[in-house]
Amino acid sequence: MLTSADQGPFALGEALAAREREALRRCRTPTEGGSGARLRVGGQDYLNFSANDYLGLGDDDAIKQAFKEGIDRHGAGAGASPLVTGYSRAHQALEEQIADWLGLEAVLLFNCGFSANQAVLKALLGKEHLLWQDRLNHASLQEMGSQLPCRMKRFPHNDMAALARQLESGKGLIVSEGVFSMDGDQGPWRELSELAARSRNWLMIDDAHGLGVLGPEGRGTLAAQGVSPACVHIQMGTFGKALGVAGAFVGGSRELVEYLVNFARSYVYSTHMPAAQACAVAKSIALVRGADEARAHLQQLIRRFRQGAGQLGWTLGASETPIQPLLVGESRAALQLAERLRGAGLWVGAIRPPTVPAGTARLRITLSAAHSEQEIDRLLDGLGQAGIEPMQEQGEAKHA
């Protein structure tokens with residue numbers, strides 16, 4: 001039997017030990033009830049400031065009931081890929097509902113945002129194309145871009161002047177995010193759409209963290225910034241953040257969707273999401289569209305937290321969204337701060353390189369409409385009593 005000492009051609013142990021020395025090794029923690037405002041770990045209850053359940057819908061009774069009824073009607077799985085027998089009436093109805101909600105011609109469902117992003121880039125881009133990406137785009141986009149035959153150019157974060165210079169030659173696809181997952185700030189979508197139109201290139205938004213939270217009826221970053229969906233050729237959104245379920249979609253023109261049905265390999269060759277899941281997402285969207293009061297409450301919590309953290313001397317990123325990065329600097333200090341907060345019953349994730357740039361390790365604090373103002377004050381009290389010196393704002397950390 002092989003043992004951990006049998007490294008063979010792969011130095012797994014050495015790589016893990018190096019991560020450990022640099023305070024960068026990642027470990028999993030089994031939790032109970034990881035959505036919403038609370039979770040339980042190892043028999044202890046915590047206030048949860050790490051989830052992406054921005055509207056507190058992950059434990060919503062109506063969504064859970066829709067999921068249960070979907071299982072009774074359609075079964076627990078999909079049974080096959082969507083081009084075999086895995087595409088049901090429930091999937092079709094959800095696609096039509098999303099298209100109506102976001103003002104799109106057509107929509108295609110995927111199992112997760114990672115596969116959706118990679119499917120689009122791989123299906124569209126050949127060696128004759130260029131791909132322009134914001135430097136802080138999600139790993140799914142960066143990874144696939146580096147593997148394609150096209151040439152990829154990365155522009156400094158939200159720097160439209162730099163992007164304009166890069167667009168002077170070549171044709172292809174510009175990709176950026178609605179809300180950046182580690183920084184909480186937004187892409188400048190009016191400027192992005194103007195540059196795409198002027199250069200006659202396609203434009204794609206990953207709005208995983210803006211959908212449901214921003215804009216009228218929670219339609220996302222484009223709606224919040226007053227940008228017509230017709231100005232952005234490809235939209236990707238997920239159901240596992242503000243919508244509280246799981247899965248993803250890609251939307252755009254009917255021609256785009258039909259093209260992806262034929263050429264997106266992860267769609268063609270993967271078992272589809274369960275129809276019951278589509279039923280749950282459909283119920284969630286109906287709730288999200290009418291959740292203006294919850295979104296207003298969430299914005300009040302964001303303002304309360306930012307004001308309080310600033311008074312304590314902490315450096316925050318330029319974010320008006322539920323993602324509030326609190327800059328610490330070094331990885332060990334971020335881990336220490338997270339551990340001290342857990343001692344106070346507050347669960348907050350420490351984010352370290354390579355997920356974020358070196359020297360910008362942080363607590364990624366996420367707020368939810370399920371939190372109360374008193375719970376925000378409890379978090380602020382914990383930060384005030386942590387006994388760790390706030391990082392001074394400097395250099396590249398300012399935008400983080």
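A residue is called buried under 20% relative accessible area, exposed over 50%, and partly exposed in between, with a 1.4 Å probe and protein chains only. This report describes a predicted model, in which local features need pLDDT of at least 70 and side-chain atom pairs count only at pLDDT 80 or more, while totals for chains, interfaces and linings use all residues. Residues are numbered from 1 along each chain as its sequence is written, and side-chain values use heavy atoms, with hydrogens and water left out.

**The annotated site**

An unreviewed UniProt entry places the feature "binding site" at G113, F114, S181, H209 and T238. These residues span 126 residues in sequence, yet no two of their C-alpha atoms are more than 13.3 Å apart, so they gather at one spot. The lining of the second largest pocket includes G113, F114, S181, H209 and T238. UniProt positions are in the numbering used here, feature names are shortened, and annotations may be inferred rather than shown by experiment. A pocket is an open set of points on a 1 Å grid over the protein atoms alone, where a 1.4 Å probe fits, with protein on both sides within 12 Å along at least five of seven lines; lining residues have an atom within 4 Å of a point.

Two of these residues can be followed further. F114 is in helix α4 (residues 113-124), and its 36% relative accessibility makes F114 partly exposed. T238 belongs to strand β8 (residues 234-238) and is buried, at 3% relative accessibility. Helices (H or I, at least four residues) and strands (E, at least two) are DSSP runs, numbered from the N terminus. Contact means heavy atoms within 4.5 Å. Leaving aside neighbours within four places in sequence, F114 is in contact with H138, S140 and E143. On the same terms, T238 is in contact with residues including G113, A208 and L211.

**Backbone exceptions**

Most residues other than glycine have a negative phi, and most peptide bonds are trans. N158 has a positive phi, near 60°, and sits in the loop between β5 (151-155) and α6 (160-166). R200, also not a glycine, has a positive phi of about 60°; this residue is in the loop between α7 (189-199) and β7 (202-206) and is exposed, at 71% relative accessibility. A cis peptide bond, with omega about 10°, joins P353 and P354. P354 lies in the loop between β13 (349-351) and β14 (361-366).

**Salt bridges**

Side chains of opposite charge can pair when their charged atoms come close. A salt bridge is a side-chain nitrogen of Lys or Arg within 4 Å of a carboxyl oxygen of Asp or Glu. The structure holds twelve salt bridges, including those in the table.

| Salt bridge | Closest N and O atoms |
|---|---|
| K64 and D59 | 2.9 Å |
| D292 and R295 | 2.8 Å |
| D377 and R304 | 2.9 Å |

D377 in helix α14 (residues 373-384) and R304 in helix α12 are 73 residues apart, and their pair links distant parts of the chain. D292 and R295 both lie in helix α12 (residues 292-311), three residues apart, about one turn of the helix. D292 is partly exposed, at 47% relative accessibility, whereas R295 is buried, at 6%. K64 is partly exposed, with a relative accessible area of 32%, and D59 is exposed, at 54% relative accessibility. A network of salt bridges links D100, E217, R219 and R289.
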